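This report goes through selected local features of one protein model.

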Amino acid sequence: MTPEDYVQQKAAASGSSFYYAFLFLPRPRRAAITAFYAFCREVDDVVDDMQDPGVAATKLAWWHTEIGRAFAGQPSHPVMKALMPHVPDYGIEERHLQAVVQGCQMDLEQTRYLDFAGLERYCHLVAGVVGEVAARIFGQTDPATTAYAHRLGLAFQLTNIIRDVGEDALRGRIYLPVNELQQFDVKAHEILKRVHSDRFVALMRFQTERAQRLYAEALALLPPADRRTQKPGLMMASIYRTLLGEIARDDFQVLHQRVSLTPLRKFWLAWKVQALGRV
């Protein structure tokens with residue numbers, strides 16, 4: 001299997017909404033974003049598949065070293081071999097990849113966030129920086145697009161947090177800020193035991209309204225000059241905002257199930273943005 005085959009399989013197997021947006025890119029950009037996305041999945045899987053925190057920390061340390069080796073011209077992992085040829089073309093820097101590893105390291109060290117400011121710092125590493133790199137690969141021409149990409153990345157990560165509350169609870173993690181749990185009188189042990197209540201619904205509605213505001217803010221930040229090049233991000237925004245609507249209509253039943261859209265519906269939403277420019 002070639003490195004290119006490896007990253008293609010990694011990206012396709014994830015079933016992510018991101019994959020559907022990549023389909024409409026020209027081949028060189030599609031190859032670059034697929035390799036970058038596969039890198040993010042590899043590093044994120046270290047934490048998601050964690051059985052032993054010590055082993056996970058060792059693996060993340062390995063990735064930290066591998067990134068340094070790759071930028072020194074000696075990649076060894078298939079993902080890095082597939083990604084490095086694209087680095088000069090799209091301005092991908094070592095700091096970008098190290099930030100993703102640093103964000104996943106936070107997952108090993110922290111399972112609670114006291115307030116939204118603390119959560120936002122985590123989201124910056126695992127989503128904002130990812131959005132920044134993606135915007136470059138998609139064809140960014142205006143420096144102001146970076147602010148849009150970071151805001152959109154934050155919206156995506158909050159959507160993931162809302163969708164995955166139950167799955168994260170099984171891993172002992174609660175990303176919802178502690179002071180907001182207190183605001184809605186939702187106890188941490190209720191989340192960990194996956195207890196659905198009117199208080200939980202009110203908390204999740206608050207989180208969803210924030211995420212929807214962030215999507216609106218991101219779209220307002222996107223410079224007109226880059227609206228065409230950034231269509232893949234707009235496709236993902238359409239898919240994720242639709243997902244948030246489904247979660248809300250389902251009364252936030254996210255503690256015992258993972259709400260998702262069908263592949264056909266994701267493709268349809270992506271196609272509408274590509275063909276009609278609608279988000």
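## Cavity

Ile161, Val165, Asp168, Arg173, Ile174, Tyr175, Leu176 and Ile191 line the largest cavity. The model is a predicted one. The volume of the largest cavity is about 40 Å³, and the count of cavities of 30 Å³ or more comes to 1.

One of the lining residues, Asp168, also takes part in a salt bridge with Arg171, where the closest N and O atoms are 3.8 Å apart. Asp168 counts as buried because its relative accessibility is 9%, which falls under the 20% limit. Arg171, at 38% relative accessibility, counts as partly exposed.

## Salt bridges

Across the whole structure, a search finds 20 salt bridges. Side chains of opposite charge can pair when their charged atoms come close. Salt bridges with shared partners connect Lys10, Arg41, Glu42, Asp44, Asp45 and Asp48 in one network.

Asp44 is partly exposed, with 21% relative accessibility. Another salt bridge joins Arg163 and Asp164, with the closest N and O atoms 2.8 Å apart. Both Arg163 and Asp164 are buried.

## Asn160 in helix 9

Asn160 belongs to helix 9, which covers residues 145-163. Is Asn160 buried or exposed? The relative accessible area of Asn160 is 16%, so the residue falls under the 20% limit and is buried.

The side chain of Asn160 has a polar contact with the side chain of Tyr240, at 3.1 Å. Thr65 is 95 residues from Asn160 along the chain, and the C-alpha atoms of the two are separated by 28 Å.

## Second largest pocket

The second largest pocket has a volume of about 160 Å³. Its lining consists of Ala21, Phe24, Leu25, Pro26, Arg29, Phe138, Arg228, Thr229, Lys231, Pro232, Met235 and Gln274. Which helix gives the most to this lining? Helix 14 (residues 231-249) does, with 3 residues.

## Nonpolar surface patch

Leu23, Phe267, Trp268, Trp271 and Leu276 make up a nonpolar patch on the surface. Together these residues have about 480 Å² of accessible area.

Phe267, one of the patch residues, sits in helix 15 (residues 263-276). With a relative accessibility of 35%, Phe267 counts as partly exposed.

## Positive phi values

Asp185 has a phi near 55°, a positive value in a residue other than glycine. The position of Asp185 is in the loop between helix 11 (178-183) and helix 12 (188-192). Asp185 is partly exposed because its relative accessible area, 42%, lies between the 20% and 50% limits.

For Arg194, phi is also near 55°, again positive in a residue other than glycine. Arg194 lies in the loop between helix 12 and helix 13 (198-221). The relative accessible area of Arg194 is 24%, and this residue is partly exposed.

Conventions. Residues numbered from 1 in each chain as written. Predicted model: local features only at pLDDT ≥ 70, side-chain atom pairs only at ≥ 80, totals over all residues. Heavy atoms only, no water. Helix = DSSP H or I, 4+ residues; strand = E, 2+ residues; numbered from the N terminus. Buried < 20%, exposed > 50% of the residue type's maximum accessible area, 1.4 Å probe, protein only. Polar contact = N/O pair within 3.5 Å; in protein donor to acceptor, adjacent residues only side chain to side chain. Patch = residues over 30% accessible without salt bridge, like charges linked within 9 Å, V, L, I, M, F, W, Y side chains within 5 Å. Areas by Shrake-Rupley, 256 points an atom, 1.4 Å probe, with all protein chains shown as cover. Salt bridge = Lys/Arg side-chain N within 4 Å of Asp/Glu carboxyl O. 1 Å grid on protein atoms, 1.4 Å probe; cavity = no way out; pocket = protein on both sides within 12 Å on 5 of 7 lines; lining within 4 Å. Points joined across faces, edges and corners; volume = space filled by probe spheres on them.
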